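Student: Could you take me through this structure with some questions and answers, giving the cut-offs behind each term as we meet it?

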Amino acid sequence: MKKNKIIVFTYDESDLLDLLVKQSATEVMVLPPDKIRQTDLDNFDSIVILGGGKDLPLLLDPRDRKVIEEQIHKGKKTFVEYVASIGHVYFTPPERTRYERLVYCSTETQIKNLKIGTLIENQCGMRMKPRLNTCSKETPILQFVKQHAHDYIKVTDETYKEIGNRGLWFDTPKNLLICSFQLSSFKRSRFGPWDEVKKIIVFIMEWLLEQNIDLDDYQPAYSTGSYNQELPLEDQIKNTALAAKGWFENAGIIIDEGKGGAIEGLGTEIYGDGSQRISKILRADCIGEVSLPYLLDYLLNGDSRSLEVSENLSNFVFENYLCTEPEDLFGMMRWTNEGWGVCYQDDVARAIIPQLLKCYYLKSNQYLDECVHALKFLVKTTGTDGTRVANTDNIDLTKEKLQELKTTPGNFPCAHYNAYYYAALLLAYKLTNIKEFKDTAIKGLTTIMNIYPDTIREQSETEEYCRLILPLSWLYWVSNNSEHKAWLYRVTKDLQNFRHPSGAYLEYDTGYKASKRNSDMGDDESSLLGKNGDPVVDMLYSNNWLPIGFIQAYWVTRDSMFKELWEDSCKFFIHSQIKSKNPQINGAWTRAFDVQRMEVVGSPADNGWGPWAIESGWTVAEITSGLLMGLLEDQLAKHY
């Protein structure tokens, strides 16, 4: 049987090129585009031009273009990807797709087993908008949309009304298939959901090659799903924590063994070549949080280097971020090396809780005075109801403003901003017996629980519940009050309404009251929640707090229910940890996770922390610390 012959013109290696070359029933020739007019194209059955290897689209030389268009008019199948002009079509300058996704919307072009309305995430590549009067007016196969949803939208005529937003379509003549965005490196750029992406690639290849294509065994750039119920859970937790520790070091998160701190992590932006934005911001909270898994690794494995790294990170926080100028701002802990005059109490708490735990477990006073200074500043800027406004800015903190904050209610019963502040106060009280810390925490948590579950929600109802587990555990530990214990059990029970069989807790928001759910695409921070019932999990704002919360609740109450919840949470994090040859992501957890597909899928609406964001502190350090903490039960539970 005669082999189908295709010719591919490209300057770059790519995933699509690799797939085309490997088709045994096809003879493939690959040449650079500047060889077009030197090639007898009559000898080939179809033509492919791939321009997506670079951010600047490929623009054909007029002499080459004439040769290609002669073949198109002869009826030869031609697929062009990210080419600045072809046929009648030319485009506006390229732009990033950061807040956009593709939706499959064609009822005329059938893609096998792909549902109309399916959203395809092409990350943060480049795309061009075809000029309105230059291309076919027929329904496109893929259209760019900017809509907050998880993985599916309802397609109407309005969806593809804007001609400039088309992404993949047949033009005039019908043998010309145009792709307006960087598609060719779809694997390394981590397009998703993976099975749906492969259906689109299969469609393109089968159209070009006129043969059946099977990509069932074609694997993505990363994998998840490593939990094995046949193996001891303790061993799997150890391996998971070890892989996370490897991520801190192999991804370049830790700077100079911690002497230079630790960077924030990875941004959500994955570009057309597969590279990902690195966030090099130095945040006090992230640096402090990263110190904790290194401390726990030392306690578990006796690794003196881990203790040294933990100490270095703690030193960096307390020697650089604590305001030591006398007068009113003394003790204020700075947010980041950019947000130098900003103070978020939740972030301060997570920066110092690891040091407070270190003091508690190791019977040390190292930096305890500094922790007290930081908490006293927060207390004196906390309202009479025990709640503190979301954050304070030094530029606004006049004597009059400081007096106002202290003598009026904060009116901010929000676990997102205040819960871990109360946890830090309670832990510090255990170390210092400073009654003001205990009283402020009790007052604030009482204010929250008096209106619970109708707290002020930032991301979701799920997030509020997750953030309350640890502070309520420590509240009962400190007070031994039956009502406080009942609060812990109530929140834990309510959280189970959102539990998924994987052990994770889905994003949910009764009445859709969370402020960040209603943000416009890209305008602000945003929840991952499109609608209740979506199989989406948040590991930046919700589930990441649970391993520490559940194990601490177990030690405080001695109720095996909490130990079982910790184990279930551990199983989920074993299962959702990224495994990849790419050291930037291997061993980490991302913000978004689809628990049905077991992959990173989620709305890109958040302007800072989208689905592929990987926070060194909030996510990886918090999860890893919770995993390790449970393994240290024999050493640590006796302290409660």
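Tutor: Helices, taken as DSSP runs of H or I with at least four residues, are numbered from the N terminus, as are strands (E, at least two). This is a predicted model, in which local features need pLDDT of at least 70 and side-chain atom pairs count only at pLDDT 80 or more, while totals for chains, interfaces and linings use all residues. Residues are numbered from 1 along each chain as its sequence is written, and side-chain values use heavy atoms, with hydrogens and water left out.

Student: Which helices each supply at least two residues of the lining of the second largest pocket?

Tutor: A pocket is found on a 1 Å grid over the protein atoms alone, as an open set of points with protein on both sides within 12 Å along at least five of seven lines, and its lining residues have an atom within 4 Å of a point. The second largest pocket is lined by 16 residues, with D347, H416, E525, Y541 and W618 nearest its centre. The helices that each supply at least two lining residues are α7 and α10 (415-432).

Student: What is the volume of the largest pocket?

Tutor: The largest pocket is lined by 15 residues, and K112, K199, V202, I213 and D216 lie nearest its centre. By class, its lining has 5 nonpolar, 3 polar and 7 charged residues. The volume of the largest pocket is about 350 Å³.

Student: How far does helix α7 reach from its first C-alpha to its last?

Tutor: Helix α7 covers residues 345-362, which is 18 residues. The expected span of a helix is 1.5 Å times one less than its number of residues, and for α7 this expectation is 26 Å. The helix comes close to that value, with a reach of 25 Å.

Student: Where in α7 does the kink lie?

Tutor: The bend at a residue is the angle between axes fitted to the seven residues ending there and the seven starting there. In α7 the kink is about 35° and comes shortly before the proline P354. The residue at which the kink lies is I352.

Student: How many of the residues of α7 are buried?

Tutor: Buried means under 20% relative accessible area, exposed means over 50%, and partly exposed is in between, with a 1.4 Å probe and protein chains only. Helix α7 is mostly covered on this scale. The number of its 18 residues that are buried is 17.

Student: Which helix gives the largest share of the lining of the second largest cavity?

Tutor: A cavity is a set of grid points where a 1.4 Å probe fits but cannot get out, and the second largest cavity holds about 100 Å³ of space. Of the 13 residues that line the second largest cavity, L292, I353, P354, I548 and E622 are the closest to its centre. Helices α5 (284-301), α7 and α16 (616-631) each supply at least two lining residues. The largest share, 5 residues, comes from α7.

Student: Are E463 and R467, which form a salt bridge, buried or exposed?

Tutor: A salt bridge is a side-chain nitrogen of Lys or Arg within 4 Å of a carboxyl oxygen of Asp or Glu, and the closest N and O atoms of E463 and R467 are 3.2 Å apart. The two residues are separated by about one helical turn because they are 4 residues apart in helix α12 (residues 461-479). With a relative accessible area of 0% for E463 and of 0% for R467, both are buried.

Notes: Points joined across faces, edges and corners; volume = space filled by probe spheres on them. Nonpolar A, V, L, I, M, F, W, Y, C, P; charged D, E, K, R; others polar.
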